[in-house]
Amino acid sequence: MAYSIALDGTNWRFPDLRDLLAKATPKRSGDELAGLAAESAVHRIAAQMALAEAPLADFLTATFVPYEIDEVTRLILDGHDAAAFRPIAAMTVGEFREWLLSPRATSEALAAIRPGLTPEMVAAVSKLMRLQDLILVAAKCRVITAFRNTIGLPGRFATRLQPNHPTDDSRGIAASLVDGLLLGAGDAVLGVNPATDGVQDYTRVVSLLDDIRERLNAPTQTCCLGHVTTAIKAINKGAPVDLVFQSIAGSEGANAGFGVSLATLAEAQDAALSLGRGTVGRNVMYFETGQGAALSANAHHGVDQQTMEARAYAVARRFDPLLVNTVVGFIGPEYLYNGKEITRAGLEDHFCGKLLGVPMGVDVCYTNHCDADQDDMDGLLLLLVNAGVNFVITVPGADDVMLNYQSLSYHDALSARDITGRRRAPEFEAWLAEVGLTDGAGRLRPDPDPLAMRPGLAALSARLEAAE
């Protein structure tokens, strides 16, 4: 079905919804690289005006990635809930935007329509929104998950403590991890990106993380972010795996580039659930995404990168994850050129994920060859916290020495908490107070005396010295 609109003496025509969404996307380098972007600002505005008039119902029959060749498309369409869609079925994309921004779109109303939304609908409406619109709607979305603590509750945000090391050295990982814990980070997950992906190293890293967690009695979860198939093998060998990690994307071909399928992810979820390691919940999956992943795999099927990103969230929600985050600036300036594009993309991704019912976090980050700096990340962090982000990623000094990119520091999260009043996951917050690191309001003590942590830290130090 073609879409058209007359603007400024020109009749703009868009052959289908796939082209219309691509041309309506706010400016970004990835779509320009792929030859999908609008040719001018006027072209983009015309597309946005035409998109506002497009019926939401059209998205249920439009072809973005062909059903016959793509299991993600089949997942989206076969799982669509017509009853949940009914309250908004007669709306256009523009009318849907107005409804989302209205007082009628309460947290409960948004939760009720989730099963009736497709990723393409959500991506479409995001293209008509300003940053404050994305923040306002996302802040009304509640997606609460749990494993050893509870993430996503109102008035709170969590942090992933990311103690990466270039050689996966146990002492280096432990030092960064303890540094983060002493600064109150780690309620989302203690998660290491391994430098290698063998089962032996994976098991060593995940065992180290679990040992530290147990010695300190910290109510959080651990994860070694190796490939999902490595995790399955490690589980079968008895490794103490809390969360299974995998990078995912919005098409079958892109996921094949990551070496996974929906069946592989289902096998991993079953394996992790069989261990029964959660204490307050059973959400055992952790996914990472990022705009440009499908394009870089040449598996985007002519769909703009932000819509493909939203399709990845359909994959994620199928497996009831504890955590999902977009590594928003990690792929590089070929896909998000500068701080302005990264900021927009981070808020889009968070909005789309939360509206679809995904427990959305963001790695607020950029590569060293990107036209961005830490001021851009400071701004995005504060916007996301006000938008109700479930968690962000923190690394020592905001500099990941293994992955070689810039993220947020433990101190950045502390600043955001002081500015916004957002607190940590309740179970983790109580533990920090118990060990003497924080006061009753969740603030770090100026002169902490973590007596309860000393035995665990001493035993950990002795173990690492013996291993050396």
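1. The side chains of Arg 344 and Glu 348 form a salt bridge, with N and O 2.8 Å apart. Both residues sit in helix α17 (residues 339–355). They are four residues apart, about one turn of the helix. Arg 344 and Glu 348 are both buried. Keep in mind that this is a predicted model.

2. That pair belongs to a wider set. The structure holds 21 salt bridges. One of them joins Glu 252 to Arg 74, where the closest N and O atoms are 3.9 Å apart. This pair links distant parts of the chain. Glu 252 lies in helix α13 (residues 252–257), Arg 74 in helix α4 (residues 71–78). The two are 178 residues apart.

3. Glu 429 counts as buried because its relative accessibility is 12%, and buried means under 20%. Arg 423 is at 30% and therefore counts as partly exposed. Elsewhere, salt bridges with shared partners tie six residues into one network: Arg 148, Asp 210, Arg 213, Glu 214, Asp 242 and Arg 277.

4. Now the strands. Is β9 (residues 285–289) enclosed or open? Five of its five residues are buried, so the strand is largely enclosed by the rest of the structure.

5. Which residues of β9 point which way? Met 285, Phe 287 and Thr 289 point one way. Tyr 286 and Glu 288 point the other way. All of these are buried, whichever way they point. In a regular strand, side chains alternate between the two faces of the sheet.

6. β9 has strand partners. Strand β8 (residues 244–247) is joined to β9 by four bridges, and the two run parallel. Four bridges also join β9 to strand β10 (residues 323–327), again parallel.

7. Tyr 286 can be followed through both pairings. Phe 245 has Tyr 286 as its bridge partner in β9. Tyr 286 in turn has Leu 323 as its bridge partner in β10. Tyr 286 is also one of the buried residues of β9, pointing the same way as Glu 288.

Conventions: Residues are numbered from 1 along each chain as its sequence is written. This is a predicted model: local features need pLDDT of at least 70, side-chain atom pairs count only at pLDDT 80 or more; totals for chains, interfaces and linings use all residues. Side-chain values use heavy atoms; hydrogens and water are left out. A salt bridge is a side-chain nitrogen of Lys or Arg within 4 Å of a carboxyl oxygen of Asp or Glu. Buried means under 20% relative accessible area, exposed over 50%, partly exposed in between (1.4 Å probe, protein chains only). Two strands pair if DSSP finds at least two bridges between them.
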